[in-house]
Amino acid sequence: MIYADNAATTKLDEDALNAMLPFLRENYGNASQSYSFSRSSRKALKEARETIASCINATPEQILFTSCGTESDNWVIKGVALSKSVDWKIATSCIEHHAVLRPCKWLENKGYNVKYLSVDSDGVVEDYSLDGINLASIMFANNEIGTLQPIKRVCEKAHASGALFHTDAVQAVGHLEIDVHDLDVDFLSASAHKFNGPKGIGFLYAKKTSELPSFMNGGGQEFGFRAGTENVASIVGMAVALKKNYDQIEKNKKHLFHLENILITQLNQGDVEFIRNGSQNHIPGNVSLSFKNQDGEALQHRLDFEGICVSTGSACDSRNVQISHVLKAIGLSKDFAEGTIRISLGKENTELEVNQIADSIIKIFKSQSY
């Protein structure tokens with residue numbers, strides 16, 4: 001099998017797994033308890049928070065553990081808005097993940113005003129008019145086409161207008177250098193399984209927790225902002241995976257861009273007609289390809305038969321065979337949009353695998369020729 005759907009999820013890192021095991025077997029004490037048996041859990045929780053904070057240039061008390069990126073997004077968008085008046089106005093882009101778009105739509109149904117910013121043909125936000133906006137949420141890297149947004153510039157625009165700024169960085173954390181202090185974002189969402197950590201754990205960075213309402217009420221965990229016994233094993237695994245990726249970012253980026261170039265070169269040499277979607281400034285390894293007059297789902301199945309795992313557009317909505325909102329927003333014509341697949345390469349993919357992916361696509365198209 002060749003796994004090339006790393007934007008959907010990544011393989012759990014072996015070091016992360018090994019770091020988790022003691023907290024699933026021997027050191028299973030509740031970190032909130034004061035007796036000595038829980039000391040190792042409390043210490044691990046503290047060290048994991050410090051490790052994650054150091055990777056993005058935050059302070060430990062600015063890191064709040066969540067169950068996933070979707071929870072982090074909802075916490076900011078719905079939580080902050082609902083703690084204010086219905087007069088609050090929110091701005092987001094039209095190509096956000098549904099973890100942002102659907103909370104925004106939910107707020108609209110509650111009477112809040114939401115502005116959807118347009119993007120250009122590369123998927124870059126082109127409308128920065130944020131006057132009158134109270135909260136802006138723009139994703140760091142698009143999950144379907146890989147486009148990176150000029151987060152620092154948009155954040156400056158938001159702050160100049162008096163707005164708080166949130167970025168869904170689920171696709172970017174662990175793959176790009178991110179300095180929250182330099183970016184000056186108010187909130188940032190991340191999810192461990194996107195950077196070789198376990199599923200079911202993520203984190204939310206909050207520059208000033210005073211701007212953030214409590215997510216769940218109960219015990220005093222997460223500085224009183226998110227009640228519930230901490231998932232220590234997964235938090236430890238997340239920290240190990242993030243630190244390992246952080247230490248190898250430049251190496252991984254170079255490897256992934258090299259694999260991309262091999263893939264595109266092979267397809268061009270095979271005389272396959274396609275459009276590559278997104279900006280040249282994109283997340284490493286994310287390759288969105290649209291083939292004219294093709295069925296993306298059928299192409300996915302053909303590749304699956306060859307033992308190759310890819311996605312059709314957004315993996316989080318893979319059962320929806322409609323043209324994705326992202327491809328519509330960038331103005332991709334229907335004859336190409338319907339034939340879109342996403343090949344998202346990871347650090348463990350090899351040149352041999354990429355050549356096999358290209359060869360399989362070329363073979364599929366040759367089989368259609370008469």
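Me: Which hand does the crossing of α9 and α12 have?
Reply: Right-handed, going by this predicted model.

Me: And what angle do those two pack at?
Reply: About 120°, and the axes of α9 (residues 296-305) and α12 (residues 351-367) lie 10 Å apart. That angle makes α9 oblique to α12.

Me: Which residues meet there?
Reply: From α9 you have Leu299, Arg302 and Leu303, and they meet Ser360, Ile361, Ile364 and Ser367 of α12. By class the contact of α9 with α12 splits into 4 nonpolar, 2 polar and 1 charged.

Me: OK, switching to α2 and α7. What's the angle there?
Reply: About 30°, with 9 Å between the axes of α2 (residues 39-55) and α7 (residues 232-247). The two helices are therefore roughly parallel to each other.

Me: Left-handed or right-handed crossing for α2 and α7?
Reply: Left-handed. On the α2 side the contact includes Ala44, Ala48 and Cys55, while Leu242, Lys243 and Tyr246 are among the α7 residues. The class count for α2 with α7 is 12 nonpolar, 2 polar and 1 charged.

Me: New topic: how many cavities of 30 Å³ or more?
Reply: The count is 2. The largest cavity has a volume of about 50 Å³.

Me: What lines the largest cavity?
Reply: Cys55, Ile56, Val173, Gly174, Leu176, Glu177, Ile178, Leu242, Tyr246 and Ile249. Cys55, Leu242 and Tyr246 in that lining also belong to the contact of α2 with α7.

Me: And how does that lining divide by class?
Reply: Into 8 nonpolar, 1 polar and 1 charged.

Methods. Residues are numbered from 1 along each chain as its sequence is written. This is a predicted model: local features need pLDDT of at least 70, side-chain atom pairs count only at pLDDT 80 or more; totals for chains, interfaces and linings use all residues. Side-chain values use heavy atoms; hydrogens and water are left out. On a 1 Å grid over the protein atoms alone, a cavity is a set of points where a 1.4 Å probe fits but cannot get out, and a pocket is an open set with protein on both sides within 12 Å along at least five of seven lines; lining residues have an atom within 4 Å of a point. Grid points are joined across faces, edges and corners, and a volume is the space filled by probe spheres set on the points. Ala, Val, Leu, Ile, Met, Phe, Trp, Tyr, Cys and Pro count as nonpolar, Asp, Glu, Lys and Arg as charged, and the others, Gly among them, as polar. Axes are lines fitted to C-alpha atoms, for helices over the stretch in contact, and angles run from 0 to 180 degrees between N-to-C directions. Helices (H or I, at least four residues) and strands (E, at least two) are DSSP runs, numbered from the N terminus. Angles under 35 degrees count as roughly parallel, over 145 as roughly antiparallel, 65 to 115 as roughly perpendicular and the rest as oblique. A crossing is left-handed if the near helix is turned anticlockwise from the far one by less than a right angle, and right-handed if clockwise. Contact means heavy atoms within 4.5 Å.
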